[in-house]
Amino acid sequence: MDKLKKIALICKQHYEKILLSVVLLVLAVAVYFLWEAKQEEEKRNSEVVMEFVRSKVGGIPPVDLSGFDGLLKTAASPAELNFGLPHNLFNPVKWQRQPNGELLKIQTGKEVGPSRMVATKISPLKLIIALDRIASPGAYYFNVTREAAERPGDRKKRSYFAKLNDKTPAFILKEIKGSEEDPSGFVLELVENGEKVTLAKDKPFERVDGYEADLTYTIESKNFKDVRVGSPVTFGGETYNIIAINQNEVVLSARSNDKKYTVRLAASQ
């Protein structure tokens with residue numbers, strides 16, 4: 001009995017320490033259980049990860065980009081908007097008064113301008129060399145005509161006197177065919193390019209060096225006679241330069257924008 005009293009007295013004197021010891025013991029037990037729970041949770045998490053690692057899954061299907069590719073192609077070649085004639089949203093219909101007083105409706109733009117120009121005639125421009133006369137045996141007069149010469153004064157017929165191997169401003173007489181008194185033909189060397197040409201006594205040498213044309217613009221009753229490459233023509237409020245002529249057509253170039261137009265010979269249209 002005395003021991004119990006002694007123990008009770010000791011507890012009464014040191015109850016704070018005893019209480020602290022109990023609390024510490026409880027905390028130690030709680031820490032132990034938490035550590036055990038942590039180890040168990042880590043084990044379960046590891047098993048879950050290993051399950052995902054060991055499991056076989058299908059690959060991710062490729063992304064369908066065909067729609068985007070179609071949009072890119074469409075953007076690379078967008079639709080063209082034509083606000084020119086004959087669309088009149090931004091181009092009001094134009095009426096033009098003709099020389100006879102009548103009004104002409106401009107719907108397509110081809111009712112006036114170069115598309116209404118007509119070449120009524122296209123003529124070749126030739127280099128012509130012909131025997132004029134025999135001055136004496138071995139001495140001759142030749143007529144030379146340069147229809148395509150740039151200067152009008154150079155287009156006139158010119159007469160040149162020549163003997164064998166004589167050089168004139170136009171040619172060199174290289175050969176006399178037949179007798180000198182009554183030659184059948186001649187071989188000439190052109191000074192301009194060294195070309196050798198042949199002409200007969202009664203048949204001149206001819207070479208086409210260009211063309212000239214007659215043009216008609218009926219809307220304004222304008223006629224352009226004997227126009228050549230380089231000639232300007234003005235009609236429909238625009239000036240054009242002639243840049244080429246052949247036996248079937250004339251090519252015009254607008255001074256304002258260098259746009260080219262082809263005017264065909266009326267007979268070939």
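**Sheets and rings**

Author: Let's start with an open sheet of five strands, which runs in the order β5-β4-β3-β9-β10 with antiparallel pairing. Its edge strands, each pairing on one side only, are β5 (158–163) and β10 (222–227). From one strand to the next, the twist averages 20°. Before going on, a word on where this comes from: it's a predicted model, where local features need pLDDT of at least 70 and side-chain atom pairs count only at pLDDT 80 or more, while totals for chains, interfaces and linings use all residues. Residues are numbered from 1 along each chain as its sequence is written, and side-chain values use heavy atoms, with hydrogens and water left out.

Now the terms. Strands (E, at least two residues) are DSSP runs, numbered from the N terminus, and two of them pair if DSSP finds at least two bridges between them.

You can find one spot by eye: Met 117 stands opposite Tyr 217 in β9.

There's also an open sheet of three strands, ordered β6-β7-β8 and again antiparallel. Here β6 (171–178) and β8 (196–200) are the edges, each pairing on one side only. Neighbouring strands of this sheet are turned by 25° against each other on average, direction ignored. Seven antiparallel bridges join β6 to β7 (residues 183–190), and Ile 172 has Glu 189 in β7 as its bridge partner.

On to the rings. Phe, Tyr and Trp rings (the six-membered one for Trp) pair if their centres lie within 6.5 Å; planes under 30 degrees apart count as stacked, over 60 as edge-to-face and the rest as tilted. By that rule there are eleven aromatic pairs. Take Phe 224 and Phe 235: their ring centres are 6.4 Å apart and their planes at 55°, so the pair is tilted. It links distant parts of the chain, with Phe 224 in β10 and Phe 235 in β11 (residues 232–235), eleven residues apart. Both Phe 224 and Phe 235 are buried (under 20% relative accessible area with a 1.4 Å probe, protein chains only; exposed is over 50%, partly exposed in between).

Elsewhere, ring pairs link Tyr 140, Phe 142, Tyr 160, Phe 171 and Phe 186 into a cluster.

Key
Helix = DSSP H or I, 4+ residues; strand = E, 2+ residues; numbered from the N terminus. Axes fitted to C-alpha atoms, helices over the stretch in contact; angles between N-to-C directions.
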